[in-house]
Amino acid sequence: MIRLFNTHKIRKTEELSGKLWNFTPMEKGYQDKKCKVMIPGCLENLPGFGNYRGWAAYETEFEGGGNIRLEFKGVSHFAKIYVDDKNVAEHYGSYTPFAVCIKALEPGKHKLVVLVDNAFREEYALDMPNDYMSYGGISRGVVMEMIPDLYIKYVHVTPLHKNAGNWIINIEVMCENLSDEEVEADLQIELAGAVYLQKGQHFSPGENLLQIKNMEIPNAETWAPENPILYMLEAKLYGNGKILDDWIDRTGFRTVEVNEKDILLNGKPLRIKGFCRHEDHPQYGCALPAQAIAYDLQMIRDLGANSVRTSHYPNDELFLDLCDEMGILVWEENHARGIEEVRMKNPYFEPQCEQVIREMITEHYNHPSIYIWGILNECGSETEYGRICYRAQYELIRSLDSSRPATSASCKFNADICQDLPDVCSWNIYPYWYDERSAEQMARDVLTWVRTEGNGAGKPFLVSEIGAGGIYAFRDMAHDIWSEDLQAEILGKQLTELLAYEDCVGMYIWQFCDVRVSRIDWAMRRPKSRNNKGVVDEYRRPKMAYQVVKDIFHQFSDYR
């Protein structure tokens, strides 16, 4: 499954995932373990491959001809794409989609081979042993499309404001002309009952960006957590009296703004009651099927939460589709966690971060559930070189999307020199767990410093991580460390104090579920080789903290 709805009616497509591919491990000692594997999937979840690092080959066939577009929603970490033994594309980036167009392919059956490398290498600056598992393989969907010379790459909808019951929006349409000559075509946009038609548009070879300013959408409803109304968006190209191509997405109309103390959704101040969540499951790794994702979100809703932070990378678009439908707000962030200055100076680091940002925003722009973009969790924001990276990435986000705020989660207490750059100041704090101070005192101390010495005055304050560890089924009358009893006690105090603190717009609990950590560097620090701060364990079994969080979250509305 690629999306929760069909993205084309005219363009011929075939999903290449959702079936078995031939799998060949290429590292020493594994060559005799060829098999068939289901795609999408993580190779570490195959029997005998739990700690595999290195190259592997995935192979399948597809049938088509003419101009072919192959889209990969996620391949980790590095991919080389071969069609009929010809290298047609390479891509680094585990959590963002990429596509390759092959012109004038001979009609018939064709061999597709994807070489995947999940090793940790210097040239893969964003992937390293970490406090979560860096899985490898074709972990998200794959689709083959047959496209004309002129086709639609994407359409972006930006809601501006509501006027007398009608939404006013801007639209950007990106088309690509694969031919060497100018093409004339008509463009039609249909959205929420409104139709826009531009006749006789000329498309030069290469990419062509069309802009539609201040389009009026009559009587459209507003998207909100309590009213997650979505509308289908259809773009079509016509030429010589016939339809050439179509492109379908889904969106909703809402606005996000910030003032000096609040994050405003449709003009109303939000109260964030959220969870950080990794894409991780004992059976599926990071390649969770839609049913498993939906189950996670149903539990999150049951807990009374209204938001999810995609720590620490862009998520599968199926997750975003479900959040759109369920009215769950999303903080989506680029792929960088705990990377200090010395690793940020890796010459690959900044280009790869910026590539993730471009791919994330371009592909996920239309999701109304995404209310904020995040970058660089706990990276070198206390250093001058780190500040250069933070500034460049914030500037890039704002050039790609000025309709949403941006933030970054910091833990550089009394040292961060980047608090003037984000729209929202976000901090990871662990009172009663790593720090002896109360939650209110710790939040007050951080915010006082941010507003006085940290150059972050005049911005909302958000707690981006808070929580405590607890191992499932470990009960202790003395509330010893790692017991469910202590975790429940600490979370109860943290949430009660923070939700009563007026200067804090909300918090994200670290985290929803326990997750596997890297064997290198991290397993010895984490009992069971898991980050055990979930309110449910890796199998989604609730801990004592589940009911504590649920009782507290349900006492507070989604707005302040």
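The model is predicted: local features need pLDDT of at least 70, side-chain atom pairs count only at pLDDT 80 or more, and totals for chains, interfaces and linings use all residues. Residues are numbered from 1 along each chain as its sequence is written, and side-chain values use heavy atoms, with hydrogens and water left out.

Start with the sheet. Helices (H or I, at least four residues) and strands (E, at least two) are DSSP runs, numbered from the N terminus. Two strands pair if DSSP finds at least two bridges between them. Three strands make an open, antiparallel sheet in the order β11-β12-β15. β11 (150-163) and β15 (206-217) each have a single partner strand, so they stand at the edges, with one side of each lacking a neighbour in the sheet. On average, neighbouring strands are turned by 15° against each other, direction ignored. Twelve bridges join β11 to β12 (residues 166-177). Y154 has M174 in β12 as its bridge partner.

Now the helices. Axes are lines fitted to C-alpha atoms, for helices over the stretch in contact; angles run from 0 to 180 degrees between N-to-C directions. The axes of α7 (residues 484-499) and α8 (residues 544-553) come within 8 Å and cross at roughly 15°. That makes the two helices roughly parallel (angles under 35 degrees). Their crossing is right-handed (the near helix is turned clockwise from the far one by less than a right angle).

Which residues meet? In α7 they include L491 and L495; in α8, V548 and F553 are among them. Contact means heavy atoms within 4.5 Å. The contact holds ten nonpolar, three polar and two charged residues. Ala, Val, Leu, Ile, Met, Phe, Trp, Tyr, Cys and Pro count as nonpolar, Asp, Glu, Lys and Arg as charged, and the others, Gly among them, as polar.

Notes. Parallel < 35°, antiparallel > 145°, perpendicular 65-115°, else oblique.
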